[in-house]
Every structure is written in C-alpha cells, then in structure tokens.
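Please read the explanation below alongside the sequence and the 3D view.

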Amino acid sequence: MASFKIEGGHKLKGEIVPQGAKNEALQILCAVLLTQETVTLHKVPEIRDVLKLIDLLDAMGVTVEKVEDETYKFTASDVDVAFLETETYKKKAASLRGSIMVLGPLLARFGKARMPKPGGDKIGRRRLDTHFFGFSKLGAKLEFDAEEHFYSVDASDLRGAYIHLDEASVTGTANIIMTAVLAKGKTTIYNAACEPYIQQLCKMLNRMGANIMGVGSNLLYIEGVRELGGTTHTMLPDMIEIGSFIGMAAMTGSELTIKDARVDQLGIIPETFRRLGIKMEIQDDDIYIPAQEHYEIESFIDGSIMTVADAIWPGFTPDLLSIALVTATQAKGTVLIHQKMFESRLFFVDKLIDMGAQIILCDPHRATVIGLDRKFPLRGIKMTSPDIRAGVSLLIAAMSAEGTSVISNVEQIDRGYQRIDERLNALGAKIERLDD
Ligand SMILES: CC(=O)N[C@H]1[C@@H](OP(=O)(O)OP(=O)(O)OC[C@H]2O[C@@H](n3ccc(=O)[nH]c3=O)[C@H](O)[C@@H]2O)O[C@H](CO)[C@@H](O)[C@@H]1O
Ligand SMILES: C=C(OP(=O)(O)O)C(=O)O
C-alpha cells in the first residue's frame, strides 16, 4: 500500500487543468465493445480504474492502441467470448466497479455476458437489481450463482420494451441503453439517470449510428438498429475533480484557476460551493478562485441551518459531499451534510475530528459541521483512505493542517485522480509518495 506524506500549511497558486472524467470514461470504454469498427477516444484519464478497464478490454481481445497521452484507439473486431468464463476474467472484472458496464454491450452484441461481484468503493449497499431488471425486460435471462457471486446473462433475441426503473441508477441506465441500442424495435426508459456523462454516452452512440431520443431527460426513447460503426469521442473534464479543486482552494486559502472546466456541464456544483461561502469567478470557461482568508456558510432564508444533500442529477452529486464536508470545517457557520444515497460514506469524519474539526456524526447519513473559521488549524495525523472521495477530503484536510500527515492506502485516491501528488506539488503543495 502506498502512502502520501503531506506537509501542511502550503498555499497553492496557479492553474490546473482537470483530467478527463472518470465516470464518463468507464461508460465510454465499455461502449467500444458495441462495434467491430475503431473508436478513438481523447482525454482518457490515466487513472487506476480506467487503466484496469483498458487492460480488461485488451484481455478480452479488443485491440488497444495508445496514440499519445490520453488518446487511445480501440477495435473490438475479435472479442473472445470464451474468455468470460475464465478465472482471469473474474479477477480482472472484480477489481473495479466500472467493469459492470461491459454487461450491456456484451449482451447486445454477443447475446452473452458474465460478471463477478464488481469492485469499487465500499460505501454502503451497491445493488445491481436495476441493471438486471432492464436486461430481463429486454428479453435476457439472469442466473446468479450466490456461492461464487457470479452473474450470467444470456439472450438470443433482444426486443425493445417499456422499462420504468425503480431508481435512476447511473451505471444501470448506461448498461440498459447500451443493450437497447442493438435490440429489435423500440425501448422506452423512464426514470433514467441523465447526468452529463450519460448524455455524452448517448451522443457518442448516436454518432455510431444509434437512435436515442430524449437525451438529457429522464425519459429516453431508443429505436434499435442492426449494428453500430466507429467514431471519435472526447471526454468532458471531470466534474468531481473540479469540485475537489474548488474545496481544496478554499480550505488552503489558495488562489487557483481551474482551466477549461466546461462550466455549462457542472450543474449545481459551483452554486453549492458558493453557498458554503466560496467566492469564484467564471472567466470564459475557467473558474478563478481568489485566495480567501474567510468564507461564510449561508443560512436558509428563514435563518435555519443550511443542508447540503445529494440527489440524482440535476441534484448535487453524492461524490462531492465528502469534499463539501471537509471544506466546511474551516468555514464560518454551520452546515448539515446529508448523504442520502450511501450508508457508509461519512464514517471518515472520525479522522477529521481527530485532526481537530468540529463535527457531529448524527447518524450514518448525516453530519453537522461547525466551521472553525480558521480560529484553530487542523492538526496533521496518520490516517487511512477508506474510499476515493474520503481519501481526497483527507488529503485536502492534511494540506490545510498544521504539521505533517500520512495517508495510507492512496491507491484509493489513484483510482480516480491522475498523478494528483505531482500536479498539486507543481502548484506549491508538499506531498511525498511513499511506496512500500
Ligand atoms: C462508476 C460510476 O459511474 N460510479 C458512480 C455511479 O455509481 P452506481 O451507478 O453504482 O450508482 P447508482 O446510481 O446505481 O446508485 C448509487 C446509490 O444511490 C442509490 N440511489 C440511486 C438512485 C436513486 O434514484 N435513488 C437511490 O437511492 C442507490 O441505491 C445506490 O446506493 O453513480 C453513483 C451515484 O451518482 C456515484 O456515486 C458513483 O461514483
Ligand atoms: C464511488 C465512486 O466510484 P466507484 O463507483 O467506482 O466506486 C466515485 O467515483 O466517487
């Protein structure tokens, strides 16, 4: 397990370019399986989860060509379906969550898909019912081996259907879309997830020859086609990384410009950080955050304590709640952080409390943060990164703290943030990577 040794108290200054979006790239990479023609992808983030998925595609027989940094070509003309039954496949597919989205394309193109229990963050229950509900509506049969935790889906004749999802699952929606584009006839998906990454997937599939209508809404109409062709696609900047940089700038009192942020695709993210008191200016497509000694959390109009809660898009993403929480620890005022989707994502606050933050964990879903308004700095400590976003929140806390901190298990952070230590050190941070 690698660690970061962080010397706190150094302000950052300069410009940072966000990486391509992790959760978009995971969908888009799976979609290359839908065609035998070449798909060229730009702004592929070279992070742990994405590299693992590329490795999985390669092992399945997809031809992978790295053209230059962050640009790859994929040709899935010779996929080895028998590989899905092997132990190597099980091991590789189980190592990340994004691999779940190979199911839809494999089912659509080869009538057969297999999946072990996927990896990803341990942040509470992460059921997959929505995915299989959609597949079965389209005519697939599911077999679940409970002992091996292995899912098998097979279909000889996929047909369009009306599908009303019980929850707007992001990866579930992506999987069902990727199956329906090659099913015969018309599919309607209601209560579909509709974040920009799903929109990007739909736009790419339409460029490949699919016929998806309603893109951007939670009601999608898909007219199945016989086959799809190649295309070129560029990932959006990672909105979770952008939110992380906004919180980091505020906590460390730094002046930071986040370049080419595609502000039009960030939804309610900038406004949510603004309500925590963080000043920012949109300059063309850059976000400029001035150095701020103090920032004050708003109250609701009636004077009651503000709540920041997650919700499906266009609400505030659950992946930024940990960042909002850590950012509030040095604000002036109080905020209730309400993590509605996941049960086990707030336990990391214990570490922030050890560092001197004032937080009351009300229950697994809710934490009240009483901002210190920089009257006392956090203190550096030793800690472990429990999940990707908690890991970055702890990194932000450590960068703002007095003294030195060590965060172990930074592989969690590397899952989703590209060379984060190097990029932040270039702006003035003092982060040393210790490999053991
Ligand atoms: C690889 C990938 O893209 N991962 C993202 C994806 O995971 P993933 O697609 O696995 O997450 P889902 O959207 O399926 O669900 C996330 C959680 O929210 C709950 N839920 C979901 C929808 C809903 O209407 N009501 C509800 O309660 C689910 O039960 C689950 O516990 O979306 C999550 C929610 O944005 C993000 O945290 C993950 O980073
Ligand atoms: C929860 C996340 O990722 P995953 O779904 O890959 O575990 C995340 O990106 O915050």
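Helix 10 covers residues 321-328, and eight of its eight residues are buried, so the helix is largely enclosed by the rest of the structure. The buried residues are L321, S322, I323, A324, L325, V326, T327 and A328. Here a residue is buried if 20 or more other C-beta atoms lie within 10 Å of its own, exposed if 12 or fewer do, and partly exposed in between, with C-beta atoms placed from the backbone. Helices (H or I, at least four residues) and strands (E, at least two) are DSSP runs, numbered from the N terminus.

This is a predicted model, in which local features need pLDDT of at least 70 and side-chain atom pairs count only at pLDDT 80 or more, while totals for chains, interfaces and linings use all residues. Residues are numbered from 1 along each chain as its sequence is written, and chains are lettered from A and ligands numbered from 1 in the order in which they are written.

In the protein as a whole there are 14 helices and 23 strands. Buried residues account for 50% of the 436 residues. The radius of gyration is 22 Å, which agrees with the value near 22 Å for a compact globule of 436 residues; this radius is taken over C-alpha atoms, and the globule rule is 2.2 Å times the number of residues to the power 0.38. Along the principal axes, the C-alpha trace spans about 65 × 50 × 50 Å.

The protein is divided into domain 1 (3-19 + 237-434) and domain 2 (22-234), with bounds that come from an automatic or database domain assignment. Their C-alpha centres lie 31 Å apart. Across the boundary, 17 residues of domain 1 are in contact with 16 residues of domain 2, where contact means that the C-beta atoms, placed from the backbone, lie within 7 Å. On the side of domain 1 that touches domain 2, the residues divide into five nonpolar, five polar and seven charged. In these classes Ala, Val, Leu, Ile, Met, Phe, Trp, Tyr, Cys and Pro count as nonpolar, Asp, Glu, Lys and Arg as charged, and the others, Gly among them, as polar.

Where does ligand 1 lie? Domain 1 and domain 2 both give residues to the shell around ligand 1, so the ligand lies between them. Of the 19 residues around ligand 1, N23, E167, S169, T171 and M341 come nearest; a residue is near a molecule if its C-beta atom, placed from the backbone, lies within 6 Å of it. Helix 1 (22-31) and helix 6 (170-180) each supply at least two residues of this shell, and the largest share, three residues, comes from helix 6.

Ligand 2 also has a shell to which both domains give residues, so ligand 2 lies between them. The surrounding residues are K22, N23, D49, R97, G98, G120, D121, D319, I388, R389 and G416. By class they divide into one nonpolar, four polar and six charged.

D121 is found in the loop between strand 6 (112-116) and helix 5 (129-137). D121 is buried, with 20 other C-beta atoms within 10 Å. Not counting residues up to four places away in sequence, D121 touches D387 and I388.

Technical notes
Contact = placed C-beta atoms within 7 Å.
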